[in-house]
Amino acid sequence: MAEATLETVPLDRARVLQWLQTYGVYAGVALLVVVNIVITPHFLTAENFRTQAVQVAPVIIVALGMALVIGTEGVDLSVGAVMALAASVTALYLGYGLLPALLVVAVFAAGIGLANGALVAFVGVQPIVATLALMVGGRGLALVLLPQLEDLRNPALASLGSGDVLGVPYLILIAAVLALLVAFVVRRTTFGRQLLAIGDSRPAAQLAGLPVRRVLIVVYVVCALLAAVAGVLATARLQASDPTSLGNLMELSAITAVVVGGTPLTGGRVNIAGTVAGAVLIQLLTATLIKHDLPPSWTQIAQAAVIVCAVYAARGRGKR
Amino acid sequence: MSATKTDAPPAATRGEGPAPAGEAVGAARSERVSALVQQHGALAVLVVVSVVASFSFDSFATGDNLGNMATSSAFLAIVALGMTFVIVTGGIDLSVGSLFALGGVLAAWGSRHGTLVALLLPLVVCGTVGVVNGLLVARSRLAPFIVTLAAMLGARGLMLALTDEGAETYLIGKGSFLAELGQGSTLGLGNPVWITLALFAAGAVVLRRTRFGQHVYAVGGNEDAAALMGVPVARTKVLVYTLSGVLAGLAGALNAAWLASGVTILGSGMELEAIAAVVIGGTLLTGGLGHVSGALVGVLLLKVIQNVINQIGSLDSSYQQVVSGAFLAVVVVAQTWLGRRRQLM
Amino acid sequence: MAPPAEVLAVRGLSKTFPGVRALDGVDLTLHAGEVHALIGENGAGKSTLIKLLTGVHRPDAGDIVFQGRDVSFATPLEAQKAGISTIYQEVNLIPLLSVARNLFLGREPRNRLGLLDLTRMHREAEETLGAYGVRVDVRRPLRRLGVGAQQMVALARAVASEARIVVMDEPTSSLEPREVETLFSVIRRLRDEGIAVVYVSHRLDELYAVCDTVTVLRDGRRVHHGRLADLDRLTLVSTMLGRELGEVRKEGLTKFTGDHHATGARPVLEATDLTVPHQLHGVSVSIRPGEVVGLGGLLGSGRTETAKALSGALATRSGRVVVAGVPLRPGSTPAAIRAGVSLLPEDRKSEGIVPGLSVRENISLAVLPRLSRFGLVSEARVDRIVDTFVERLRIKASSPHQKVGELSGGNQQKVLLARWLAMNPKVLLLDEPTRGIDVGAKAEVQKLVDELAADGLGVLLISSDLEELIEGSDRVVVLKDGAVVGELTGDEVTEDRLMRSIAGHAPAGDTVREAADG
């Protein structure tokens, strides 16, 4: 009954929903900025923008990988665990220098991504369960390698976390470069188009002879690598490796950013600009509530409401 | 397998697939083995691990240790019971961890207004969140995982708002009925264990012996066919999410009673433990197949592994997560393969 | 004996879907205890009629009078409760639930506590199914039964819910011959109990074995109805396909030139003995360069399955496919495509187009790796290819960036053709290339197929449109029940011969051969 009435609603409503899905996130960001300019003192300062951007950078990086996975009609719950793993592996191998440590981190992350991808593409396990297993196991492995918080004293790592170029922190630069890179991959490479085709219609992609399994595996590996980058950067900023709490609930923030940014959970479309804006939106929302002494509990409730609205607006689109 | 052959009269349709007789016998046998492994594999592993552990560690098979394990398993088991219903319908409920924490806080807060309030408040509030989950999944047809994800955030926010951002811990007075319910014991077993066993018995009856249980299986097995066969699909879904919310709230309340306070930092990650336990116990994540006893076995297995790792002593407790994760991966791979083999035959 | 009561009277039923008049003033009458065959080719309106009767869709015009009352069902469940049950070819039960629980879902016997009375349920299930000749352990999950037994459970369920009409939609498509026999005896029993059966099938033998009366639909209209026994097979086929017997057309309605192509060369594709359980039984086909080979046969005869097996989309149990002298790895689409075999699938919407991507992206989808360097797409080369094919195939889209899902069927089909032509294939497998597309686009596609063959491509053509098949093909291989039953070459490629071959008539002197020659 509900379905029948929905199909016959006037076009206006469908159009409003479609507009909301595509541009709602930018409108939301703009609205929050305007509201903050009016009500928040010292909002329009370089220092404030810097702080906000540095805080949101890791979320953006993780969300980029998540957007690719969601574009294939999947989801990756293990990103937070990969961040923690990256943190503890960095701590363990930092003695050999930053670069070797980063290489080992990449190997571990790729291993997790490969396991996720193999479970999804070859065994045919649902993405949510496959990555759940790696989420539990990955966080455990991170804690086994490094049971508690450890302070890191490495000048190279420290400058990665807090250094800047012309006043722009490395963190922001890296996030921006990665966002551009991922957007480029989605738009301009064979891989990007194959990814979208697989997410949109897997049977058609298969019959068109696309390397479906290979693409899926690469997507999960890339997602894990991006999460590892975020983990290393967060560790560098903290100047400490904290596998117990680093990346906790990160999968939620990333999925929220992607969904709010207009990428449908049904796959076949990836909106990178929207994903970045989605992460910024959540960050601004949190910051606004905190600045005005509203407790974190409000932030979570507000975030929940934003997710439901975003998914509701995206409902029924994407697949058609 | 010869039974099937001799039973069949010449003109009758044979029960087995259309493969030639000899092949069918072999196929059916290996299919039975597959089904057996899928349904009772976890139980076998549980028995083996327990036996090995009781020979390896003197302190494992002691009454105290087993009793502690049983009590600490009880709360997760209650959550996993609700999760079983949801997963059998082909859904998932990520909000139970937050609801568990919320339930605990509500029970402790409510205990100042009497036992009845302390018990009813968590059930009503968590049940309401479950109803909302169910309505969004069943009526608005949103993906269960994203709906319950939002509910997870929302419920945690609500819990934090109630406790001055987690700073305030409400206590449950000693000697109250609630405290007795959580901390007391009957016939040598903690009260939460008895409550859990009673709930599982009731859950088993509901799932296997009532029309509602039939509907749960039917919705998970083939939603379209179920609707055609007259099953109230939307109502069934709303009910399972409600049940899951109520049970998570109850588990939280009992846990608070056990700890004598509404601890705010609990419950995070519990949804994953519950899902892992249900899946390890042989319930298919795609829905339509599963049993509450599997959830119980899954929970016990997770807790025994945890206990064994603690007993080894030299091993950090985080190994438990590695083992659980690996175990979950092995189980889903095995399930998928077994399922596919059975499909092919 | 009193004349059997009229159970259903349908008058002037019409239904229009966007752009298609699916059903146009159709009448249908059913009496108690009548087994009624409903036949017609694809798009004739059979499934629309069934969907209107069973409450899936609602009619635009016309009445349905069921047991003397005017009815209008909002849902299939409503129709079922009123007494019209449908048995689909894909059994619509709960596969993981036990047989007994499936049988009794929604009306389980309960004891005094309100709990299910399992003992009684199992006993009654055994009794009920026993009456249908199904002796199985009713506690086992339904999916462990064979398809035939599952269908019996669905039937028993329908009858137990007091159905007055049972609609069977291709019930035998995945049954073994012996299971078909059992089904027939059950149908005869239903008839004796006064239940009316609507039987949809393309297997002529079955129709004649079990049906009393027949309605033939074509292009949404009823073109014949009456007693089946009064209609011989050949007339039945010609009525269904809309062709007069012995009619030979000099001037075709299709855009095929009718010229037969040069066919001297060695086969570019040679398939031998392809077998897929339940679907293909040792099918052999060969295609020479520049030759259009038609696959004839009714729906369900294995035409689509043959095309899928050739393109690696359907794993074969045995048999081999050799392309240009090199054997193909079975069950691998990429391998087939690399070897130069491309399939235009029958189900364009779900297996062909990627609806959310643009015309440009759809055309370049398969050829993309060849247009890329180091994984980077050369947009200029993509544009060149896309422009070439948009122009050559006259694809009408607002721009190459329009989503394919928004195009008309004909243009979607052209996009798919462009996708494969961009790959320079050796063999094109076309499964119903002109179905559901408008007349203009149809003519263009037909013309294109002709040109491609003239350029030396091997083409396999599947079409339910007899005219298209006859005029487009140099040679027609006829399939029936998943096996090759004949082959027509040269002057034999006529509608008359084809229909005889499909109907299973091989008049003396006719050179219908076993298709083993190369």
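1. The crossing is right-handed. Please keep in mind throughout that this is a predicted model.

2. Which residues bring these two helices into contact? On the α3(B) side they are B:Met69, B:Ser72, B:Ser73, B:Leu76, B:Ala77, B:Ala80, B:Leu81 and B:Thr84. Across from them, α13(B) contributes B:Val292, B:Ala295, B:Leu296, B:Gly298, B:Val299, B:Leu300, B:Lys303, B:Val304 and B:Asn307.

3. Stepping back to chain B as a whole, you will find 14 helices and two strands. The chain has 345 residues, and 53% of them count as buried. Among its contacts with a separation of 6 or more, 76% join residues 24 or more positions apart.

4. The unreviewed UniProt entry annotates residues 23-43, 49-70, 129-147, 167-186, 215-234 and 296-314 of chain A as "transmembrane region". How do two of those stretches look in the model? Residues 49-70 of chain A are 100% helix and 0% strand, with 29 Å between the end C-alpha atoms. For residues 167-186 of chain A, the figures are 85% helix and 10% strand, with the end C-alpha atoms 30 Å apart.

5. In chain C, have a look at the open sheet of four strands, which has the order β12-β11-β14-β15 and antiparallel pairing. The edges are held by β12 (280-287) and β15 (326-327) of chain C; each has a single partner strand, so one side of each is left without a neighbour in the sheet. Strand β14 of chain C, residues 318-323, pairs with β15(C) over two bridges in the antiparallel sense. Within β15(C), C:Pro327 stands opposite C:Val322.

6. One more residue in chain C for your list is C:Asp438, which sits in the loop between β19 (427-431) and α15 (439-454). Is C:Asp438 buried, exposed or partly exposed? It counts as partly exposed, because it has 13 C-beta neighbours inside 10 Å; a residue with 12 or fewer would be exposed. Setting aside neighbours within four places in sequence, C:Asp438 is in contact with C:Ser408 and C:Gly410.

Note on methods. Residues are numbered from 1 along each chain as its sequence is written. Chains are lettered from A and ligands numbered from 1 in the order in which they are written. This is a predicted model: local features need pLDDT of at least 70, side-chain atom pairs count only at pLDDT 80 or more; totals for chains, interfaces and linings use all residues. A residue is buried if 20 or more other C-beta atoms lie within 10 Å of its own, exposed if 12 or fewer, and partly exposed in between; C-beta atoms are placed from the backbone. Two residues are in contact if their C-beta atoms, placed from the backbone, lie within 7 Å. Two strands pair if DSSP finds at least two bridges between them. UniProt positions are given in the numbering used here, feature names are shortened, and annotations may be inferred rather than shown by experiment. A crossing is left-handed if the near helix is turned anticlockwise from the far one by less than a right angle, and right-handed if clockwise.
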